[in-house]
Amino acid sequence: VDRRQRQMRIRDSIEDNYFQQIKLSTLSDIAGITEQHLCRLFKRNFRMRPMEYLAKVRIQHAKEMLVFSDKSISEIAETVGFPDSSYFSAVFKKYEHIPPVEYRSKL
């Protein structure tokens, strides 16, 4: 398996399983390389670490749910794979620069 296929397999695995608990060790096992090497390759090709990519995928799905569902913030957090709503809100604010409640109210 060449490097590009390996990276696409990792990216696809994140996108297909974002709602589950995903560990860096699991991703490195899928790629068949060490965690450190995985982080280096991922950063070189996607300009971010694998777990950062996972957070962004989760936030993207959360944004869709904030727009198209009436689920609570804690339900959305759980649905997209965050362990609790306060951590979800902190990560959401980091990437979107506003809390999820405010994001929803601006729509």
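**Note on the H1–H4 packing and the overall fold**

1. Helix H1 (residues 3-17) packs against helix H4 (residues 50-68) at an angle of about 35°, and their axes are 10 Å apart. Axes here are lines fitted to C-alpha atoms, for helices over the stretch in contact, with angles running from 0 to 180 degrees between N-to-C directions. The crossing of H1 over H4 is right-handed (the near helix is turned clockwise from the far one by less than a right angle).

2. The model is predicted: local features need pLDDT of at least 70, side-chain atom pairs count only at pLDDT 80 or more, and totals for chains, interfaces and linings use all residues. Residues are numbered from 1 along each chain as its sequence is written, and side-chain values use heavy atoms, with hydrogens and water left out.

3. On the H1 side, Arg11, Ile14 and Glu15 form the contact (heavy atoms within 4.5 Å); H4 contributes Pro50, Tyr53, Leu54 and Val57. By class, this contact comprises five nonpolar, two charged and no polar residues.

4. The chain contains seven helices and zero strands, giving the pattern α-α-α-α-α-α-α along the sequence. Helices are DSSP runs of H or I with at least four residues, and strands are runs of E with at least two.

5. Along the principal axes, the C-alpha atoms fill a box of roughly 45 × 20 × 20 Å. Of the 107 residues, 36% are buried (under 20% relative accessible area, 1.4 Å probe, protein chains only). Among contacts between residues at least 6 apart in sequence, 52% join residues at least 24 apart.

6. The chain exposes about 6,600 Å², of which carbon and sulfur atoms supply 48%; accessible areas come from the Shrake-Rupley method with a 1.4 Å probe.

How values were computed: Nonpolar A, V, L, I, M, F, W, Y, C, P; charged D, E, K, R; others polar. Buried < 20%, exposed > 50% of the residue type's maximum accessible area, 1.4 Å probe, protein only.
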